[in-house]
Amino acid sequence: MIKPEFDPVALATPFFILTIILEIVLARFRKADARYEAKDTAVSLAMGLGSSVAGVITAGVVFAATIWVYEHRLFTIPMTAIWAWVLIFLLEDLTYYWFHRLSHERRFWWVAHVNHHSSQHYNLSTALRQTWTGGVAGTWALWLPLAFFGFPPAMIAIQKGISLVYQYWIHTEAIRRMPRWFEAIFNTPSHHRVHHARNPVYLDRNYAGILIVWDRLFGTFQAELDAEPCRYGLVKNLGTFNILRVAFHEWIATFQDVVRHPRYALGYIFGPPGWSHDGSRETSAMIKARALSPAGAAGSDRSPAGPRESHA
Amino acid sequence: MNDEFFIQLAFSAAAVGALIALAAWAKIAKPVAPLDEYKARAMLAEEFPGRTVEAVWIASDGCGALAKSGALALVICRVGDGFAARQIPWGQAVSATFKNGRLSVNLGDIAAPTAVISLPSWPPQDLAA
């Protein structure tokens with residue numbers, strides 16, 4: 001009940017490796033649509049490896065907090081009941097949606113999540129490009145209400161792992177569209193390509209983990225448009241493959257902003273990515289509004305690639 | 001962190017190395033043609049919508065471009081098989097280090113510290129001010 005009997009992510013690791021090999025080999029022989037650049041792949045995989053180390057370092061705190069909350073739970077939910085697994089599947093996926101949305105819409109959490117979006121590629125290695133600082137950003141706290149409700153910590157950990165493994169396979173251009181009924185209910189490669197794209201129309205859309213229905217429900221869904229091919233990466237793409245800069249650039253940028261403008265510290269920390277006290281930068285909402293307005297891009301004095309914003 | 005963790009980490013690191021080697025062997029990066037003026041202007045329009053480009057200098061190897069837009073310099077530089085773009089004050093671009101046909105532009109951004117652009121000469125005499 002406390003510790004999971006199995007870890008879906010650890011079990012899936014050989015599958016991750018084999019499918020990346022498969023995607024590369026199929027692309028090499030032009031049997032699949034995939035692009036890999038060696039340095040980009042190296043950064044993505046190194047971020048994934050580092051993330052697993054960072055996760056171990058912060059796991060103790062997360063585990064202790066979850067146990068403490070579970071000890072003060074409202075109900076006791078049995079791990080053996082099917083209804084309990086159905087319920088946690090839905091509630092965990094809903095939690096993931098809001099975690100993910102928060103990670104894009106507030107800079108304090110974006111600083112940790114930006115790493116996952118900083119590749120200009122979209123392939124299976126991109127799925128493993130994970131943050132090193134998620135534990136520090138504290139987004140794991142969003143899952144504590146599940147323990148308070150009465151789901152055993154092991155059950156929460158397993159369901160989080162299942163969600164992570166599900167989200168791996170959707171990071172590919174090799175699969176164009178799934179059957180219509182599947183696209184309507186589940187997150188798919190097509191939906192998630194939109195999420196990773198930097199085209200204005202695609203910014204801040206499709207936050208779903210497993211079920212795309214949350215985006216449809218909360219008004220953040222955007223279908224992939226044939227007329228608008230996805231361009232991947234950040235609004236301001238990285239100009240380096242230095243792994244330390246990749247891992248920490250947005251933390252450092254936020255710190256610099258706070259030091260330079262202490263009066264506006266809260267805005268720079270908790271405002272949306274791209275927020276600035278003098279309006280000299282653009283948030284995703286501003287970029288979308290400008291791009292979608294009848295006047296289009298004309299007449300903007302703001303910085304579309306301003307000093308800091310890097311939202312995808 | 002026990003022995004099992006470190007063994008798993010070692011195997012994962014070996015797998016990462018093998019996958020990087022495989023990606024390098026496959027040569028399936030995005031095809032990137034060198035920038036010419038037309039492509040550079042199209043990219044500048046995409047990266048800096050609304051900005052009027054007064055003059056543009058294309059890197060001799062096609063791996064970057066620098067444009068003047070009012071008091072700003074718009075910089076595009078190749079990163080792997082993609083590009084990064086930043087804007088900096090024009091004066092900063094003019095005073096950038098130029099040595100052996102390479103202009104090193106300090107972009108003042110932790111995420112994109114420097115752009116190196118191969119040019120025949122720098123700064124342009126008529127626009128240096």
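B:Lys99 stands opposite B:Arg102 of β6(B) in this predicted model. Strand β6 of chain B spans residues 102-106 and pairs with β5(B) in the antiparallel sense over three bridges. Strands (E, at least two residues) and helices (H or I, at least four) are DSSP runs, numbered from the N terminus. Two strands pair if DSSP finds at least two bridges between them.

The open sheet holds three strands in the order β5-β6-β7 of chain B, with antiparallel pairing. β5 (97-99) and β7 (114-118) of chain B stand at the edges with a single partner strand each, so one side of each lacks a neighbour in the sheet.

Residues are numbered from 1 along each chain as its sequence is written, and chains are lettered from A in the order in which they are written. In this predicted model, local features need pLDDT of at least 70 and side-chain atom pairs count only at pLDDT 80 or more, whereas totals for chains, interfaces and linings use all residues.

Chains A and B meet through 41 residues of chain A and 36 residues of chain B. Contact requires C-beta atoms, placed from the backbone, within 7 Å. On the side of chain A that touches chain B, α1 (8-28), α2 (38-71) and α12 (243-260) of chain A each give two or more residues. The largest share, 10 residues, comes from α2(A). This side of chain A divides into 23 nonpolar, 11 polar and seven charged residues. Ala, Val, Leu, Ile, Met, Phe, Trp, Tyr, Cys and Pro count as nonpolar, Asp, Glu, Lys and Arg as charged, and the others, Gly among them, as polar.

Terms used. Contact = placed C-beta atoms within 7 Å.
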